[in-house]
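Visitor: I'd like to learn how to read helices and salt bridges in a model like this one. Could you walk me through it?

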Amino acid sequence: MERNQKRLLATISYLSLIGFLAIAVFVYLDGLQTFDLFIIEIVQGLESPFMTMVMNIFSLIGSYKTIMLVFLVMTGFLYVKGKHSNHIIILSVTIIGTGIINQALKYAIQRERPSFYRLAEATGYSFPSGHSMGAFAAYGMMALILLTYIQSRRSKVLMIVASSLLILFVGMSRIYLGVHFPSDVIGGYLLSLFLITIILLEVQPILKRSRMIEQ
């Protein structure tokens with residue numbers, strides 16, 4: 001990894017962590033009600049039978065079961081390509097680590113979910129959003145891996161746009177369905193961005209030095 005790339009990743013890492021911690025503090029102090037209600041009103045104002053169907057689909061895409069299914073497909077693809085254990089290990093660490101950290105933070109912060117208007121049911125605590133964290137971490141890392149196999153600049157741009165929209169709509173679906181506050185979603189995004197950069201900056205070099213993955 002080039003020095004400029006490391007600097008960029010480090011900058012993104014610091015900024016995303018600071019952003020997440022700021023939101024976490026405001027959530028703990030219950031200081032985001034006005035912001036959350038404003039965004040919820042806009043998103044839920046789009047309600048229609050068709051939109052509800054679409055949002056349920058995106059919510060399903062962001063579920064842990066779907067992410068694991070896509071992970072298995074991705075693993076099969078990487079295995080067929082041959083000698084790509086590095087990508088498989090990094091993706092596994094990303095998904096497993098994100099899930100553990102999300103659950104730990106949920107129980108540490110214990111924010112209750114929205115209760116005033118729901119189109120779906122969900123259990124557990126609210127902050128940070130598990131769907132948003134999982135989708136950002138898993139699909140974001142998958143997109144980064146797939147970019148290494150794509151030569152066309154246009155195809156790379158399409159991959160980035162498609163994965164970004166997918167992640168965005170997974171988060172939006174949780175707000176629309178009334179099971180998460182917008183700050184849950186944004187916090188989840190920022191924390192996953194931080195985890196991805198840390199994995200690329202710290203975990204990947206450690207695995208290479210230990211020869212667990214090919215150079």
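Guide: Start with length: the expected span of a helix is 1.5 Å times one less than its number of residues. Helices here are DSSP runs (H or I, at least four residues), numbered from the N terminus. This is a predicted model, where local features need pLDDT of at least 70, side-chain atom pairs count only at pLDDT 80 or more, and totals for chains, interfaces and linings use all residues. Residues are numbered from 1 along each chain as its sequence is written, and side-chain values use heavy atoms, with hydrogens and water left out.

Visitor: What span should H5 have at 1.5 Å a residue, and how far apart are its end C-alpha atoms?

Guide: With 25 residues, H5 should span 36 Å, and its end C-alpha atoms are 36 Å apart, which agrees.

Visitor: Which residues of H4 and H5 make the contact?

Guide: Contact means heavy atoms within 4.5 Å. On H4, Ile-67, Phe-71 and Leu-78 are among them, and H5 brings residues including Ile-88, Leu-91 and Ile-95. The contact residues divide into nine nonpolar, three polar and no charged (Ala, Val, Leu, Ile, Met, Phe, Trp, Tyr, Cys and Pro are nonpolar, Asp, Glu, Lys and Arg charged, the others, Gly among them, polar).

Visitor: How many salt bridges are there?

Guide: Side chains of opposite charge can pair when their charged atoms come close. The rule is a side-chain nitrogen of Lys or Arg within 4 Å of a carboxyl oxygen of Asp or Glu, and the count comes to three. Asp-36 meets Arg-111 at 2.9 Å, N to O. Asp-36 lies in H2 (residues 33-44) and Arg-111 in the loop between H5 and H6 (130-147), so this pair ties together parts 75 residues apart in sequence. Arg-111 also bridges to Asp-184, with the closest N and O atoms 2.7 Å apart.

Visitor: Are Arg-111 and Asp-184 buried or exposed?

Guide: Both are buried (under 20% relative accessible area; exposed is over 50%, partly exposed in between, with a 1.4 Å probe and protein chains only).

How values were computed
Helix = DSSP H or I, 4+ residues; strand = E, 2+ residues; numbered from the N terminus.
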